[in-house]
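This briefing concerns pairs of charged side chains. Please examine the sequence and the structure shown below before reading on.

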Amino acid sequence: MRAIEAENLKKRFGSVEALKGITFHVKRGEVFGYLGMNGAGKTTTVRILTGIVKPDSGCARVMGFDVSEDTLRAKEVIGVLPEVSNAYPDLTAWQNVMFTAELYGMSKREAEKRAEELLREFGIYDRRNSRVRGFSKGMKQRLMFCMALISDPEVIFLDEPTSGLDVLSARMIREKVLELAKSGKTIFLTSHNMNEVNLLCDRVAIINRGKIVVIDTPGNIRARVGGSVALEIRFDRAVELPAEFRSKKVGDKYVVYTTDVHEAFCSVADFARGAGVKVLEVNTRSPTLEDAFLSVLGVVN
Amino acid sequence: MYYTKGPVVIFGVLLPLFLFLAFCIGRNLSSEFLIAGLVSITVFFSSTSVSPAVAPWEGQMRTLERIISCPVDVKTIILGDVLASMAFGFIISIAPLLIGVGIKTFPTNVPVLLGGMAISAFCFSSLGSLISAYPSNLPSTIMMISSLVRFPLVFLSGIFIPVFKLPLWGKALAYASPLTYFTDIARYSYGLKPALPLHVDFAVLILYSILFFALAVKLHEKAILVRIF
């Protein structure tokens, strides 16, 4: 069964065409990554799928419920973790979770049992009676996770779940995502953290300027970078690599993508001799998902 | 959570009190006329002080997006805001009744007064919610618009000058204001002669309540999308 179905979704805001016909499906129990630059259409897609915004045309279904026609039923089966904390700062952690439970129409007894379980699981039960105003970002994010999971949703939308978190909190959240996936929940993850997407997602969609440019597994997307090897070179000074090198500058290094390491290495050596620069370091590595992402979006030369 | 916010306390509690004191000090008016006027001002200001503040605050704190991602529709959200504002207005308005008791001025018809207060509080809360449909997340902007609407209504609704003493154009404006009808109910409840039959006052307040609430829901459905972006 498909957990999420998006069919030819279009959305326009004034003169801006935010979505130009998005189509994808997410299987039940899948962790689906949704990547794109800022303004690519990620948030609009998520807002349509969570029933906040209606598409101009096209159709979106979550667990079989049409998000435009059967909005409340669709919302009942989803949990949302937004990028920015939207817990009430003047309420305690406990009150925030209970309020969310009320919005889902849960009985008080059921809500209290689930709230206690979740707050314990996320390590904030001892602070349940503290106002959220005094919480650190990591604690707020863990609380938001509790609020997103209070109704035991089938589909969970996570927007940049570890953005700006300390290492421990980020790790905890990632482990929870994997646990949820293992228990059969469907996760729709938007993130800028390629390493995270690579670690967590079964499949990834990359959106650019309102269009899906690729949907595949992280491994297959990495393999699309015109070859399987990235040559990492450090020169003694900054240079301008010619366009025939499919390259990008990363810090003080240059990454050249190639299918033929020998040929690429010789060309770089020739270039260095010609330009009078010294090669200080050469490494080879597989392209990362980030390399693939930039390549797919045409950011690499 | 919202009842103790600064603008709510200032516009909902302090302002009607000072406005009323400014009006009555040094004037030779009956205690019934004064208490009925004070009840009207208090119900109006306190009921319209919470609902206009909720929407911009929720937008600013981004809690609005949380609420609308849950399985509740806009009508329910607005009804919640209006009922919260109505409860605040009703409870605060008990204070002038107690002041009346303190100066031995008792209502002659308590059920009518309390019924009128409840319907008016709902009506004025809906008006406040309607005002807050202006798509801004700045509470100060909404409060300013709210004040622009509220102050003229107070002066046009027969609280300070009875409607029958107003010129024709004044009467026309007064009868367009929902506050006029509650002021009339309050006067009746304190044994004074009302300007209109009681059932007309209640019917108009109910109609205004339906109109304001329906408009508020319609406009908020559009404004919410602007607020979350």
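Does Glu65(B) count as buried or exposed? Glu65(B) counts as buried, because its relative accessibility is 16%; buried means under 20% relative accessible area, exposed over 50%, and partly exposed in between (1.4 Å probe, protein chains only). This is a predicted model, in which local features need pLDDT of at least 70 and side-chain atom pairs count only at pLDDT 80 or more, while totals for chains, interfaces and linings use all residues. Residues are numbered from 1 along each chain as its sequence is written, chains are lettered from A in the order in which they are written, and side-chain values use heavy atoms, with hydrogens and water left out.

**Salt bridges overall**
- A salt bridge is a side-chain nitrogen of Lys or Arg within 4 Å of a carboxyl oxygen of Asp or Glu.
- By this rule, 23 salt bridges are counted over all chains.

**A pair between chains**
- Glu65(B) forms a salt bridge with Arg47(A), at 2.9 Å from N to O.
- Glu65(B) lies in helix α3 of chain B and Arg47(A) in helix α1 of chain A, so the pair joins two chains. Helices (H or I, at least four residues) and strands (E, at least two) are DSSP runs, numbered from the N terminus.
- Arg47(A) counts as buried, because its relative accessibility is 6%.

**Pairs within chain A**
- Asp152(A) and Lys185(A) meet in a salt bridge of 2.9 Å, N to O, and the two residues are 33 residues apart.
- Asp152(A) is partly exposed at 41%, whereas Lys185(A) is buried at 11%.
- Arg273(A) pairs with Asp270(A) in a salt bridge, with the closest N and O atoms 3.1 Å apart.
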